[in-house]
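Hi,

Here is the model I said I would pass on.

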Amino acid sequence: MKKLFLPLLCIALFMGCNNSSTRKPSSEDVLKSLRLANDYFMEKYSDPAEPIPYPSRNRHYQSNLWTRAYYYEGLMDLWKIDPQQRYLDYALEWGNQHEWKLRNTGEEGWKTRNADDQCAGQIYLFLYELENRQPEHYIANIKRSIDSMMVTDRIDDWHWIDAIQMAMPIFAQIGNITGDQAYYDRAHDMYLYAKHQHGTNGLYNPAHGLWWRDKDFVPPYTEPNGKDCYWSRGNGWVVVAMARMLDLLPKDIAYRKEYETMLVDMCKALKKVQREDGLWNVSLHDPNHYGGKELTGTAMFVYGMAYGVNNGLLSKKEFAPVIYKAWNAMVKDCLHPNGFLGYVQGTGKEPKEAQPVTYNLECDEATGFCRPDFEDYGLGAFLMAGTEIYKMK
């Protein structure tokens, strides 16, 4: 027995060490990490309406743009598991200071079909519902914007896949508020157009279970290794949109199955290309094209996978190790002691954008210029991923 015991003990110890990266984090530790990252941000941007500087373009962006709107999606998810009033106050102050208008719409406040500009409406609608569907001015502009689209036959607006997350959930939210299924139907038609028709044959490749970011990346375009270009965060936007739609839509909507299948197929495809360290590369099928750690795509994939597990769409046995490995890597490799998140790829549309993606904010010592990475949407993705992991049993 002694001869058998020692080898078995060594094997057990080795396996325990080898599997530490996939160990389930405690709920307390997850919440601690979420609070740390969010507190850093709320302290740094104490005025939620302060314009966001973009020195390389010599301009400022109003803070109701899509990057900040996605942060608030994450903050509202955090509030659901950590209901601190200051989170709601911060979101309400943001809406109030922007007079509940959409970006790039001037004094009118609503006239746009652009999904990036409409994204803030997701939070306006959420807060309106939270306040027992009042006051009306919270949603007047976003509803008028969507209604102006509904009276046309045009369904080709979402010609880049980010738009599916920026605007698709808004149609479901308004459908829930009004009880009018036409909003669900229009969102579905626009989604199918992006899937099957943009870029001639659509932006989704069922052979790989992944999406090209827009028509510029549909073959014959390839990555340096000759494979299709699937941008990490671009696919992350679709993953998030599918989970959000499933969370919002009534259970009896026939095309829920489409979104369930898309979420499952994408998660299975993404599982195959996870890095050894738990994160994902910016280029999903060419790890050597600007290879390296990247948080935003990783966090979005984690959110979708955890949502799938929590709602019985994905096998916990199969996906929990993938989820935990990614989360543990984000906390270990990306989360600074002060709450800043590293390895956030800046805004763009493909792997080469805003490189290098680093742990620290990349700065030029000669000029003092720091490449802006719009850390708000990276934090939003991190908060959404963590809150969904927090729910896992």
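**What I found**

Starting with the cysteines: C119 has a relative accessibility of 0%, so it counts as buried. C334 is buried too, also with a relative accessible area of 0%. As for disulfides, the structure holds zero. Keep in mind throughout that this is a predicted model.

**A helix pair**

Next, have a look at α8 (residues 162-178) and α10 (residues 232-248). Their axes are 8 Å apart, and the helices pack at an angle of about 10 degrees. An angle under 35 degrees counts as roughly parallel, and α8 and α10 are therefore roughly parallel to each other. From α8, the contact is made by D162, I164, Q165, M166, M168, P169, A172, Q173 and N176. From α10, W237, V238, V240, A241, M242, R244, M245 and L248 take part. Sorted by class, that contact has 12 nonpolar residues, three polar ones and two charged ones.

Q173 is worth a click while you are in helix α8. Its relative accessible area is 8%, so Q173 is buried. Setting aside neighbours within four places in sequence, Q173 is in contact with G121, Q122, L125, F126 and L248. If you want a distance to check your numbering against, Q173 and N58 are 115 residues apart in sequence and 36 Å apart in space, C-alpha to C-alpha.

**A mostly covered helix**

How many of the 10 residues of α6 are buried? The count is eight, so helix α6 (residues 121-130) is mostly covered. The buried ones are G121, Q122, I123, Y124, L125, F126, L127 and Y128. What do they pack against? The partners of these buried residues are α3 (66-81), α4, α5, α7 (140-150), α8 and α10. After α6 comes N132, with a positive phi near 55 degrees.

T112 sits in the loop between α4 (85-97) and α5 (115-118). With 11% relative accessibility, T112 counts as buried. Its side chain reaches the backbone nitrogen of N114 at 3.0 Å. Not counting residues up to four places away in sequence, T112 touches L102, T105, D117, Q118 and S145.

D117, one of those contacts of T112, is found in helix α5. D117 is buried, with a relative accessible area of 6%. The side chain of D117 makes a polar contact with the side chain of N104, at 3.4 Å. Leaving out neighbours within four places in sequence, the contacts of D117 are L102, R103, N104 and T112. L102 therefore turns up in the contact lists of both T112 and D117 under the 4.5 Å cut-off.

Most residues other than glycine have a negative phi, and most peptide bonds are trans. Here are some exceptions to go through in your viewer.

- Q134 and P135 are joined by a cis peptide bond, with omega about -10 degrees. P135 is in the loop between α6 and α7.
- Q355 and P356 are also joined by a cis peptide bond, and here omega is about 0 degrees. P356 lies in the loop between α13 (316-334) and α14 (375-390).
- A354 is not a glycine, yet has a positive phi of about 50 degrees. You will find A354 in the loop between α13 and α14.
- E99, not a glycine either, has a positive phi of about 55 degrees. E99 belongs to the loop between α4 and α5.

**One buried glycine**

Last one: is G278 buried or exposed? At 0% relative accessibility, G278 counts as buried. G278 is in the loop between α11 (256-271) and α12 (295-310). Its C-alpha atom and that of S21 are separated by 8.1 Å, although the two residues are 257 residues apart along the chain. Leaving aside neighbours within four places in sequence, G278 is in contact with T298, K325, A326 and A329.

Cheers

Technical notes
Residues are numbered from 1 along each chain as its sequence is written. This is a predicted model: local features need pLDDT of at least 70, side-chain atom pairs count only at pLDDT 80 or more; totals for chains, interfaces and linings use all residues. Side-chain values use heavy atoms; hydrogens and water are left out. Axes are lines fitted to C-alpha atoms, for helices over the stretch in contact, and angles run from 0 to 180 degrees between N-to-C directions. Helices (H or I, at least four residues) and strands (E, at least two) are DSSP runs, numbered from the N terminus. Angles under 35 degrees count as roughly parallel, over 145 as roughly antiparallel, 65 to 115 as roughly perpendicular and the rest as oblique. Ala, Val, Leu, Ile, Met, Phe, Trp, Tyr, Cys and Pro count as nonpolar, Asp, Glu, Lys and Arg as charged, and the others, Gly among them, as polar. A disulfide is a pair of cysteine sulfur atoms within 2.5 Å. Buried means under 20% relative accessible area, exposed over 50%, partly exposed in between (1.4 Å probe, protein chains only). A polar contact is a pair of N or O atoms within 3.5 Å; within protein, one must be able to donate a hydrogen and the other to accept it, and residues adjacent in sequence count only if both atoms are side-chain atoms.
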